Amino acid sequence: MKHIIYTLILLFSINSIAQQIVPLETEYTTNFLERDTYFKDINGELDKFIGTWKYEDTTSNTVFEITLSKIENTESAHSCTEDRLTGQFKLVVNGIEQYNTYTNDYGKMIMGKGFNPTYTYLSDGNAIRNPPSVNRYHMAIVEPSFVGFLHSSDLTITYENNSGVEKINWNNEVDKAIRVVDNQQVNIYQMPLEMELIKQ
Amino acid sequence: MGFTTQEDGKRFIYTGNDINNTDTYTDSNFNQQSPTIRESDALKFPPLENKTLIGAHYHPPLDDSSPPKPIRKVPSGTDIAEHIVMVKKIAETDPTLPTDINQVTNFVVSKGASGKTYAIRTNNEQDVVNLEGDFEIDGEKREDIADAVADLILPIPVNDIDAQEEAIALYLSENYPGLSLYEAVYNSEGNIVTWTKL
């Protein structure tokens, strides 16, 4: 029995040594291409995004609501793990609910990526790297009618606090997915691709 | 300009009697499979079938965003992840014998006079089989590899192909040593005469 306990302690110690813990926001800066690392939200940089956010457009009578939360220690590239944002959301148009992931399970609808860099493309094709920001988080999101196309979404949410009013600027760049048989785009979003959401 | 902004490609499923015998790799021993969905930087195929041995796809020069962004010629992170998924499937259904080499190959082709042809190959099947995590389409690991490789390649000048090749080869050797990257060498008639390991 003692032998088993010693073995378990030894295994636990080896595992602890194998995976170092570093701040999540350093993933794409000082710790880029790190291996066997837990990118943990030690400094609470995801906290500002957590909560319920709402977009309302009275012209088109559209309401989009999302509640963001944090999931810890999920798998990542290069034998690493990281904390990520996830969320539940719903869309209402003209008073009619189009979908609601709070109450329905449609499959994998949203994925947090991280505090990634962005790129500014020049006319000669080159790209300038813009460093990550702790106020800018990258995700992917889909709607129930085209689950399976998360990879086609490049969603950037940027946090702002203007005199106590907390906002998220939402920009979803979508790679068009074209169905070969009829040349039709299958990932056409009902939710706006660009919007400003207010903290509730 | 007449260029497509979507990828295109095919999978080739082996139908012969000895999947590890390269002498049987004739046109009549492969079924072609076309994608159902085409995107700027991805293709969606039907669920991966047993004995899918070869993948070949085309990187367009520009994507469909406005203004369009150039697409790099070198393999992307999702190309690496796709290769891993195919190797795992073959290893599961048709495990390679100790004297053989896993023959899963993914070709990445780009257009034009400066177009390139690359091939991702496997030098250690067990290394690839031992990789943990979800490399499938929409898996966290696949997306994170795509982001990591993009951040490696995009800051390199678009025309400095040598530096991009060096970066992707180093990335593979450090993170996925079970995989290798080759570049086709063409003669003046446009035929592949040999392959160079990067």
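I looked up the contact between the two chains: 30 residues come from chain B and 32 from chain A. Contact here needs C-beta atoms, placed from the backbone, within 7 Å. I note that this is a predicted model, where local features need pLDDT of at least 70, side-chain atom pairs count only at pLDDT 80 or more, and totals for chains, interfaces and linings use all residues. Residues are numbered from 1 along each chain as its sequence is written, while chains are lettered from A and ligands numbered from 1 in the order in which they are written.

I then took the side of chain B that touches chain A. The elements giving it two or more residues are β3 (37-38) and α3 (140-153) of chain B. Helices (H or I, at least four residues) and strands (E, at least two) are DSSP runs, numbered from the N terminus. α3(B) gives the most, with eight residues.

Next I checked pairing across the chains. β13 (residues 178-179) of chain A pairs with β3(B) in the antiparallel sense over two bridges; pairing takes at least two DSSP bridges. Ile178(A) has Arg38(B) as its bridge partner.

I moved to the sheet in chain B. Seven strands form an open sheet in the order β2-β1-β5-β6-β7-β8-β9, with mixed pairing. β2 (30-33) and β9 (192-197) are the edge strands. Twist averages 25° from one strand to the next; axes are lines fitted to C-alpha atoms, for helices over the stretch in contact, and angles run from 0 to 180 degrees between N-to-C directions.

Within that sheet I followed β7 (residues 117-122) and β8 (residues 179-186) of chain B, which run antiparallel, joined by five bridges. Tyr118(B) stands opposite Glu183(B) in β8(B).
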